[in-house]
Amino acid sequence: QLSLFRLTMKRLFSTSHSSVDSKEMKKFQLLAHKWWDEEGEYSALHSMNDIRVPFIRDTLLNMSSNYHLGNPLSGVKILDVGCGGGLLSEPLGRLGASVTGIDPLEDNIRTADQHKSFDPVLAKRIQYRSSSLEEIVEECMETFDVIVASEVVEHVADLEMFIKCCSQVLKPEGSLFITTINKTQLSYVLGIVVAEKILGIVPEGTHEWEKFVPPEELQRLLESNGFSVKTVNGMLYNPLSGSWSWMESTSVNYAMHAVKSGAQGQLSPTDTLSEMEREQSSAAAGTAM
């Protein structure tokens, strides 16, 4: 009886309120077989690996004292949300991580599974599932050391729910890596007019400017859901060379690293007060000197 009730609730929940946007699904459905064409529609995501993979790897290595030469991410459990055809899951698997890639589109998962099967090492390290994030929350509570959501948050239907789910499946002090597009006039011109309509680097209709997320808003959402934002870096794509580089400005693309607070990570109001008092007294001491 109880399990039937839970199943009904789950169905109600997943059909009425989901972070998956069905309009977005249709767009990606048409390109599901194109993921591994490095010259094709996803070429900019292929070259983004040149900066996003080292960013994830080096950030994690700086936080850890365990170095495994050759397999620096050995023992790290990563969830790649919206993994598409596995463009980011595979290099993370090659670094030794154990990767679960999820995507709501079955055709994407089929492509990812097929590509991974060419490499017996990856076949063991990566598992793919056709699933939304909220569908795995119940069975994966505090399971993962790391979540990557690269070029995903600008496609979800409910960003706050998405972040809440990320927090639920991440271990305390786990890392969340996000890359996405800012909501500025420049991002409209470069991300949509130039990239889609003029150069055709990205298929037309891939992005909706309305759904782009400013870093301030993303940071506010993360912090109100128990994350501490550690890094925000601007990213620049050069369509002539087809390469990415880091930059100061976050006005178009950016990458963010946030850490979920530990079990005792949340300061109580009294802790915060005493922290402020300490700061004030040390500031006063500084001026007295």
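**View 1. Cys-166 in helix H8.** Cys-166 sits in helix H8, where helices (H or I, at least four residues) and strands (E, at least two) are DSSP runs numbered from the N terminus. The model is predicted, so local features need pLDDT of at least 70 and side-chain atom pairs count only at pLDDT 80 or more, while totals for chains, interfaces and linings use all residues. Residues are numbered from 1 along each chain as its sequence is written, and side-chain values use heavy atoms, with hydrogens and water left out. Cys-166 counts as buried because its relative accessibility is 0%; buried means under 20% relative accessible area, exposed over 50%, and partly exposed in between (1.4 Å probe, protein chains only). Leaving out residues up to four places away in sequence, Cys-166 touches Leu-133, Ile-147, Leu-176 and Phe-227, contact meaning heavy atoms within 4.5 Å. Val-137 is 29 residues from Cys-166 in sequence, and their C-alpha atoms are 8.4 Å apart.

**View 2. Helix H8 and the strands it lies across.** Helix H8 covers residues 159–169. Eight of its 11 residues are buried, so helix H8 is largely enclosed by the rest of the structure. The buried residues are Leu-159, Met-161, Phe-162, Ile-163, Cys-165, Cys-166, Ser-167 and Val-169. At the N-terminal end, Asp-158 caps H8, with a side-chain oxygen 3.3 Å from the backbone nitrogen of Glu-160. This is a polar contact, a pair of N or O atoms within 3.5 Å; within protein, one must be able to donate a hydrogen and the other to accept it, and residues adjacent in sequence count only if both atoms are side-chain atoms. H8 lies across strands S1 (77–81), S4 (144–150), S5 (170–181), S6 (227–238) and S8 (253–260), and runs at about 145° to S5. For such angles, axes are lines fitted to C-alpha atoms, for helices over the stretch in contact, and angles run from 0 to 180 degrees between N-to-C directions.

View 3. Eight strands form an open sheet in the order S3-S2-S1-S4-S5-S8-S6-S7, with mixed pairing; two strands pair if DSSP finds at least two bridges between them. Strand S3 (126–130) and strand S7 (243–247) are at the edges with a single partner strand each, so one side of each has no neighbour in the sheet. From one strand to the next, the twist averages 20°. Strands of a sheet pair through backbone hydrogen bonds, either parallel or antiparallel.

View 4. Five bridges join S2 (residues 98–103) and S3 in the parallel sense. Gly-101 has Tyr-128 in S3 as its bridge partner. Helix H5 (residues 106–116) packs on the sheet and touches S2 and S3, its direction making about 160° with that of S3. S1 and S2 also pair in the parallel sense, over five bridges, and Ile-78 stands opposite Val-99 in S2. Four of the five residues of S1 are buried, so S1 is largely enclosed by the rest of the structure.

**View 5. Strand S8 and its partners.** Eight of the eight residues of S8 are buried. Asn-253, Ala-255, His-257 and Val-259 point one way from the strand, while Tyr-254, Met-256, Ala-258 and Lys-260 point the other way. S5 and S8 run antiparallel and are joined by seven bridges; Ser-175 stands opposite Val-259. S6 and S8 are antiparallel too, with eight bridges, and Phe-227 stands opposite Lys-260.

**View 6. Thr-143 in a loop.** The loop that holds Thr-143 runs between helix H7 (133–136) and S4. A polar atom of the Thr-143 side chain lies 2.8 Å from the backbone oxygen of Cys-140. Apart from neighbours within four places in sequence, Thr-143 is in contact with Lys-77, Val-169 and Lys-171.

**View 7. Glu-196 in helix H9.** Helix H9 (residues 185–198) contains Glu-196. Glu-196 is buried and has no salt bridge; Lys-197, the nearest side chain of opposite charge, is 5.1 Å away. A salt bridge is a side-chain nitrogen of Lys or Arg within 4 Å of a carboxyl oxygen of Asp or Glu; for charge, Lys and Arg count as positive and Asp and Glu as negative, and His and the chain ends are not counted. A polar atom of the Glu-196 side chain lies 2.9 Å from the backbone nitrogen of His-207. Not counting residues up to four places away in sequence, the residues that Glu-196 touches include Gly-191, Val-202, Pro-203 and His-207.
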